[in-house]
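Work through the exercises below with the sequence and the coordinates at hand. Each task is followed by a solution in steps.

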Amino acid sequence: QVQLVESGGGLVQAGGSLRLSCAASGSGFSINTMGWYRQAPGKQRELVAAITRGGSTNYADSVKGRFTISRDNAKNTVYLQMNSLKPEDTAVYYCNADATRWLTRRQYDYWGQGTQVTVSS
């Protein structure tokens, strides 16, 4: 099993910044792609940004130029720096990790518990 623990959400005014962190723990796994998703009330969960183990990144069009995803492979931790926040960024943000179990080479998908980000206008 892999556990994902998120931190860094909160309330911020429009134009402000927040930094989310997500640490993965668990033995016997290699962590592959890590990412952040978000879900606003009444909407589907959507990809915000993802980063491969090698550092390749992918962003939703709505956050390009404002958000930056990064990771520390030694710590199995992914970060999301969010700048120039807008009220429409308000959502619960979920960390996601794709992991491969060493013994079986099977891949598994894990989710964090979510952290609330609220941007006031």
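## Salt bridges and a disulfide

In this predicted model, a network of salt bridges links Arg38, Glu46, Arg66 and Asp89.

**Exercise 1.** Find the salt bridges that Arg38 forms with Glu46 and Asp89, and state the distance between the closest N and O atoms in each.

Step 1. A salt bridge requires a side-chain nitrogen of Lys or Arg within 4 Å of a carboxyl oxygen of Asp or Glu.

Step 2. For Arg38 and Glu46, the closest N and O atoms are 2.7 Å apart, and the pair forms a salt bridge.

Step 3. For Arg38 and Asp89, the corresponding distance is 2.9 Å, and this pair also forms a salt bridge.

**Exercise 2.** Classify Arg38, Glu46 and Asp89 as buried, partly exposed or exposed.

Step 1. The cut-offs are under 20% relative accessible area for buried and over 50% for exposed, with partly exposed in between.

Step 2. Arg38 has a relative accessibility of 7%, so Arg38 is buried.

Step 3. Glu46 has a relative accessible area of 36%, so Glu46 is partly exposed.

Step 4. Asp89 is buried, as is Arg38.

**Exercise 3.** Describe the contact between Lys64 and Asp61, and say whether the two residues are buried or exposed.

Step 1. The side chains of Lys64 and Asp61 form a salt bridge, with an N to O distance of 3.1 Å.

Step 2. Lys64 and Asp61 are both exposed.

Step 3. A search of the whole structure gives 4 salt bridges, among them the one between Lys64 and Asp61.

**Exercise 4.** Locate the disulfide, determine its handedness, and state which parts of the chain it ties together.

Step 1. Searching the whole structure gives 1 disulfide.

Step 2. This disulfide joins Cys22 to Cys95, with an S to S distance of 2.1 Å.

Step 3. The torsion about the S-S bond of Cys22 and Cys95 is about -85°, so the disulfide is left-handed.

Step 4. Cys22 belongs to strand 3 (residues 18-25) and Cys95 to strand 9 (residues 91-101), so the pair ties together parts that are 73 residues apart in sequence.

Step 5. Cys22 has a relative accessible area of 0% and is therefore buried. Cys95, at 0% relative accessibility, is buried too.

Note on methods:
Residues numbered from 1 in each chain as written. Predicted model: local features only at pLDDT ≥ 70, side-chain atom pairs only at ≥ 80, totals over all residues. Heavy atoms only, no water. Disulfide = S-S within 2.5 Å. Helix = DSSP H or I, 4+ residues; strand = E, 2+ residues; numbered from the N terminus. Buried < 20%, exposed > 50% of the residue type's maximum accessible area, 1.4 Å probe, protein only.
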